[in-house]
Amino acid sequence: MTTLKPFDASEMLAIREARDGERLLDVSENEFIDTYKRRGAILFRGFNPELDDFRALTTRYCSSSVFNESTGRTVLDRQHDIQTVNLGNEAFPLHPELSREPWKPDVCFFWCSGAPSRGGETTICDGVEIVKRLPTSAYDALRNRRLLYSLPALPSVCQYWLGSANPSDELINNPPASCPYTFTRTPKGVWRHYSVAALHKPMFTDGLAFGNFLLFSRYLTGNRNFPTFENGEIIPDDLAHEIKTTSDAITLPVQWQPGDVVVLDNTRFMHGRNAILEVAERHIATFFGFLKFAKPGDEEIPNPPWRRAGFVTP
């Protein structure tokens, strides 16, 4: 690994402040896309958007979206998949949104309509910078490995991807090319498996990035089996600790102000949050989308349904 310059948090987040009377949609598409591709994290400040402005911004740049089915959120606009963040108060480890699923979105939009007076900062971290700063031993342990996410396959999942809620062994062993999972039949039923590289190439940046569900699962839920390495091997605790230590040192807390909008490249950046001390003050909406100007990775299945409008998770 090469010697790196000291970390400068100011370089992580591009801040675009509103000019006199400027609205979010007054920012040109060329400026937005160029900054997004170069920096991967943008804070729009002083534009004072309402829900309609936030919706219009996401619609301008995204062809489709995905709804986060996890609990603890309030729906603000189900038609456009706008919902709040989790309304609990605990701190969240770094993670890319929905990185545990094949339909990990390209981009995350966050809109703050009410800022907490203390605590509750959203944290962000550049996955490319994590890889650059990993100890050599950790980098070597990850560079040629894959991560495996395995869960029971509900009948609705089998029906959606295999065409049968109770699939035959033939279907399980030969899923269609349009299916992002592999399947196995076990004594406990049918399971689905999704595999991705432990270090991946983001859409718009050279170099590998670290960005997956490992830190969230290991340090919030305590689950050491989701993900594992590709062969089912549990990822060692000391390796997870090295990754966390590296990422913690270069994590930036976003101090929210009312009206702020943060846009993150979800293929490059991870995000989390600090503990929330005043839950009633913190009002943040989210939208997780698939970009009209996306450059999908080589591992994405052809013509995936999540890049088409109206996708509903099975």
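This is a predicted model: local features need pLDDT of at least 70, side-chain atom pairs count only at pLDDT 80 or more; totals for chains, interfaces and linings use all residues.
Strands here are DSSP runs of E of at least two residues, helices are runs of H or I of at least four, and both are numbered from the N terminus; two strands count as paired if DSSP finds at least two bridges between them. Within this pair, Ile-124 lies opposite His-271 of β15. Residues are numbered from 1 along each chain as its sequence is written. Local features need pLDDT of at least 70 and side-chain atom pairs count only at pLDDT 80 or more, while totals for chains, interfaces and linings use all residues, and side-chain values use heavy atoms, with hydrogens and water left out.

The two strands belong to an open sheet of four, ordered β6-β15-β8-β13 with antiparallel pairing. Because β6 (92-95) and β13 (252-254) stand at the edges with a single partner strand each, one side of each has no neighbour in the sheet. From one strand to the next, the twist averages 25°. Helix α7 (residues 214-221) packs on this sheet and touches β6 and β15 (contact: heavy atoms within 4.5 Å). The direction of α7 makes about 165° with that of β6 (axes are lines fitted to C-alpha atoms, for helices over the stretch in contact, with angles from 0 to 180 degrees between N-to-C directions).

A pocket is an open set of points on a 1 Å grid over the protein atoms alone, where a 1.4 Å probe fits, with protein on both sides within 12 Å along at least five of seven lines; lining residues have an atom within 4 Å of a point. Volume is the space filled by probe spheres set on the points, which are joined across faces, edges and corners. The lining of the largest pocket numbers 32 residues, and Tyr-194, Val-196, Gly-297, Glu-299 and Glu-300 are the closest to its centre. Two or more lining residues come from each of β9 (146-152) and β11 (189-197), with β11 giving the largest share, five residues.

The second largest pocket has about 390 Å³ of space. Among its 23 lining residues, Arg-73, Asn-86, Phe-92, His-95 and Phe-216 are the closest to the centre. Here β6, α7, β15 and β16 (283-291) give two or more residues to the lining, and β15 gives the most, three.
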